[in-house]
Every structure is written in structure tokens, then in C-alpha cells.
Amino acid sequence: MSLEKGDKVTWNSHGHKVHGTVEKKVTSHTEEAGRTVKASPDEPQFKVKSDKTGGTAVHKPEALHHD
């Protein structure tokens with residue numbers, strides 16, 4: 001699956017389905033959304049923002065589904 005900034009996605013968080021938007025692709029070891037993200041160009045992760053709460057999180061692509 002190809003994800004881009006602005007894509008509408010869903011993911012599971014604490015047993016609930018969350019709807020939100022991809023904010024950016026993370027391709028390096030960095031701090032994002034309050035935690036250390038171990039990402040690389042070969043294994044990127046995506047910063048997403050919840051439509052409901054405005055909170056952000058970082059997930060691996062397999063945890064995200066196009067809405």
C-alpha cells in the first residue's frame with residue numbers, strides 16, 4: 001500500500017478504530033509524537049493525526065488502512 005501526506009486512514013488504538021490523516025512519512029531514527037521512532041528509508045513509518053482528538057501517533061504502514 002502506498003501512503004502519502006493527506007491520505008485518509010484508519011488504525012486501531014486500544015481496541016477502537018481511529019480515523020485520521022497521514023501527516024508525514026518518517027524515514028529516519030527520530031523523536032515523533034512523543035516517542036522514539038526507529039524508521040529508515042527501507043522501513044518507513046507514518047505520523048498520523050486523529051480526526052476526533054487531534055492527537056498524533058506514528059505507525060508502521062501495515063497498521064494503517066485507507067479510509
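The structure holds four salt bridges, a salt bridge being a side-chain nitrogen of Lys or Arg within 4 Å of a carboxyl oxygen of Asp or Glu. This is a predicted model, in which local features need pLDDT of at least 70 and side-chain atom pairs count only at pLDDT 80 or more, while totals for chains, interfaces and linings use all residues. Residues are numbered from 1 along each chain as its sequence is written, and side-chain values use heavy atoms, with hydrogens and water left out.

**Salt bridge between Lys8 and Asp51**
- Lys8 pairs with Asp51, their closest N and O atoms being 3.6 Å apart.
- This pair links distant parts of the chain, 43 residues apart: Lys8 is in strand 1, and Asp51 is in the loop between strand 5 and strand 6 (56-59); strands are DSSP runs (E, at least two residues), numbered from the N terminus.

**Salt-bridge network**
- Glu23, Lys24, Glu32 and Lys47 are linked in a network of salt bridges.
- Lys24 and Glu32 have their closest N and O atoms 2.7 Å apart.
- Glu32 is buried, at 10% relative accessible area, whereas Lys24 is partly exposed, at 37% (buried means under 20%, exposed over 50%, partly exposed in between; 1.4 Å probe, protein chains only).
- For Lys47 and Glu23, the corresponding N and O distance is 4.0 Å.

**Nonpolar core**
- The largest nonpolar core has eight residues: Leu3, Val9, Trp11, Val18, Val22, Phe46, Val48 and Leu64; such a core is a set of buried Ala, Val, Leu, Ile, Met, Phe, Trp, Tyr and Cys residues joined through side-chain atoms within 4.5 Å.
- At least two residues of this core come from each of strand 1 (8-13), strand 2 (16-26) and strand 5 (45-50).

Note on methods: Helices (H or I, at least four residues) and strands (E, at least two) are DSSP runs, numbered from the N terminus.
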